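Visitor: I would like to learn how to read the features of a two-chain model. Please show it and take me through it.

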Amino acid sequence: MIKEKKNSDPKSKDKNQTPIIEIKNLHKTFGGDNEVLKGINLTVNKGEDLVILGRSGSGKSVTIKCIVGLIEPDQGEIKVFDENVLNLSKEELNKIRVKIGFLFQSAALYDSMSVRENLALTLTAHKRDLSPNEVENEVMEALENVGLSDAIDKMPSELSGGMRKRIGLARTLILKPEIILYDEPTTGLDTITSREISELILDIKHKQKTSSIIITHDMACAKMTADRIMVLKDGVIHTEGTYEELEKDEDEWVRSFFESVKL
Amino acid sequence: MILSLKNTFSQIGSATLFASRFFKEIIMPPYETKEFLKQCYAIGYKSFPLVAITGFIMGLVLTIQSRPTLVTFGAESWLPGMVALSLIREIAPVITALICAGKISSGIGAELGSMKVTEQIDAMEVSAINPYKYLVVTRILACTLMVPILVFFADAIGILGGYAGINIHGDVNFRRYLTQIIQSLEFLDVIPATIKTFFFGFFIGMIGCFKGFNASNGTESVGKAANSAVVTASLSIFIIDMVAVQITDLFF
């Protein structure tokens with residue numbers, strides 16, 4: 001039995017909470033007939049970590065790529081910091097992008113650059129007047145935040161999967177974003193490393209007071225990091241709630257995620 | 001057939017838009033000087049050994065192959081001038097450009113294609129770094145400036161190769177050899193040949209960047225981008241050369 005979808009209605013939000021990301025009626029179709037998003041509505045409040053759960057191909061990554069303008073939706077509205085990102089010019093969008101960090105599934109480190117250069121490029125692209133010493137200090141600070149200051153001179157090819165994710169996170173953090181979008185941060189990692197990454201996400205939230213959307217199908221990560229969970233199915237929000245609420249949900253689809261943890 | 005033609009014209013249209021963006025982005029700050037210099041080093045300096053070997057062989061072979069014909073007509077003394085003219089006007093620019101198409105254009109196509117597939121270009125985009133300016137403008141500009149320098153270098157090494165070729169069958173003084181070359185050359189031999197090398201460089205860089213930047217997702221497309229960059233850049237070199245020769249013939 002499939003539960004009736006309960007898309008989060010931005011109008012019904014708690015008045016004490018400030019929405020930082022608001023998505024209304026988001027649609028996206030690829031190749032003419034592959035409708036991936038079929039009217040997504042979601043809100044992320046300031047300081048909140050929202051986890052989006054869903055199986056592969058359900059439109060999770062497409063949703064967060066629409067937020068940063070990597071994918072243009074066919075229909076809908078995306079408000080970030082109260083500005084509709086779909087109506088912004090490239091320059092205006094870039095000003096918003098600086099405040100949003102994005103951790104790619106593959107970490108997407110620049111292969112031809114060392115860890116230092118990966119971080120410094122992102123920093124100096126926006127702060128061109130920084131002295132080499134200031135750049136070095138900021139790079140070190142970002143690396144210390146993820147516990148990898150020793151890796152500063154390494155090339156991405158010399159890093160393990162977990163290290164790549166951490167460096168990707170450090171590169172994201174160097175611009176001190178207010179929002180971080182995590183695209184499957186623990187995919188491809190062993191249980192212990194996944195836990196370390198989840199702890200890091202929590203640590204960043206507490207230290208830097210960020211808001212996040214975390215795309216995952218790792219229930220352990222969801223349990224540790226989520227203030228609220230949305231379950232995406234076939235391009236629509238199937239249900240939402242806290243981890244504890246969803247754990248008790250009797251819907252078969254939702255239960256299938258929690259049963260995978262028990263196995 | 002019609003679909004293939006449509007696809008070709010669509011590619012030409014997209015490439016034209018891609019190239020026209022270069023002229024807009026190149027004048028607008030910020031300027032990625034550090035990356036540009038890095039690309040000049042990678043494209044120019046690292047190609048010197050390959051161009052040197054090829055240039056020397058071109059000069060040597062051209063001299064050895066031309067000598068018997070000139071000897072038949074008793075015009076052996078024209079050999080240095082003929083070799084220099086052939087090298088400077090046509091052979092060195094075209095062969096060097098073809099080598100650069102193979103080495104540089106494919107390299108750029110594969111590098112950018114792999115960056116596209118592994119979301120590195122997207123990572124730049126979401127960090128509000130302009131990937132076109134950082135990756136494309138710097139590479140096209142470096143190619144446009146480095147290929148002419150490589151061609152000058154190939155000319156010089158080719159002339160040395162010619163000297164070696166002449167000395168296989170005789171004993172010619174190097175100073176006399178050079179004097180004969182300088183006497184047979186005019187500015188009009190050098191200038192049109194130099195101008196066309198800037199176009200060669202621009203197209204080598206632009207085609208490599210276009211193919212890499214527009215690689216579709218999947219590792220297979222990286223190979224396709226590199227391969228397609230070499231083929232298209234090589235074909236473009238011949239077309240540009242043909243146009244350049246016609247224009248030179250018309251005006252000079």
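Visitor: What is the volume of the largest cavity, and how is a cavity told from a pocket?

Guide: Both are found on a 1 Å grid over the protein atoms alone: a cavity is a set of points where a 1.4 Å probe fits but cannot get out, whereas a pocket is an open set with protein on both sides within 12 Å along at least five of seven lines. Points are joined across faces, edges and corners, and the volume is the space filled by probe spheres set on them. Here the largest cavity comes to about 120 Å³. Its 14 lining residues (those with an atom within 4 Å of a point) have Ile100(A), Gly101(A), Phe102(A), Thr172(A) and Ser127(B) closest to the centre. The count of cavities of 30 Å³ or more is 3.

Visitor: What should I know about the model and its numbering before going on?

Guide: The model is predicted, so local features need pLDDT of at least 70 and side-chain atom pairs count only at pLDDT 80 or more, while totals for chains, interfaces and linings use all residues. Residues are numbered from 1 along each chain as its sequence is written, chains are lettered from A and ligands numbered from 1 in the order in which they are written, and side-chain values use heavy atoms, with hydrogens and water left out.

Visitor: Which elements line the largest cavity?

Guide: Elements are DSSP runs numbered from the N terminus: helices are H or I with at least four residues, strands E with at least two. Strand S6 and helix H5 (161–173) of chain A, together with H5 of chain B, each supply at least two lining residues. S6(A) gives the most, 3 residues. By type, the cavity lining has 8 nonpolar, 4 polar and 2 charged residues; Ala, Val, Leu, Ile, Met, Phe, Trp, Tyr, Cys and Pro count as nonpolar, Asp, Glu, Lys and Arg as charged, and the others, Gly among them, as polar.

Visitor: What is the volume of the largest pocket, the open counterpart?

Guide: The largest pocket has about 830 Å³. Of its 29 lining residues, Gly69(A), Leu70(A), Ile71(A), Asp122(B) and Glu125(B) are closest to the centre. At least two lining residues each come from H1 (60–67) and H2 (90–97) of chain A and from H4 (79–117), H5 (120–126) and H6 (131–169) of chain B. The pocket lining divides into 15 nonpolar, 5 polar and 9 charged residues.

Visitor: How many residues does each chain bring to the contact, and what area is buried?

Guide: Contact means heavy atoms within 4.5 Å. Chain A brings 25 residues and chain B 18. Buried area is the accessible area (1.4 Å probe) that two parts lose on being put together, summed over both. That area is about 1700 Å², with carbon and sulfur atoms giving 55%. In chain A, Phe104(A), Tyr110(A) and Arg128(A) lose the most area to chain B, together 28% of what that side buries.
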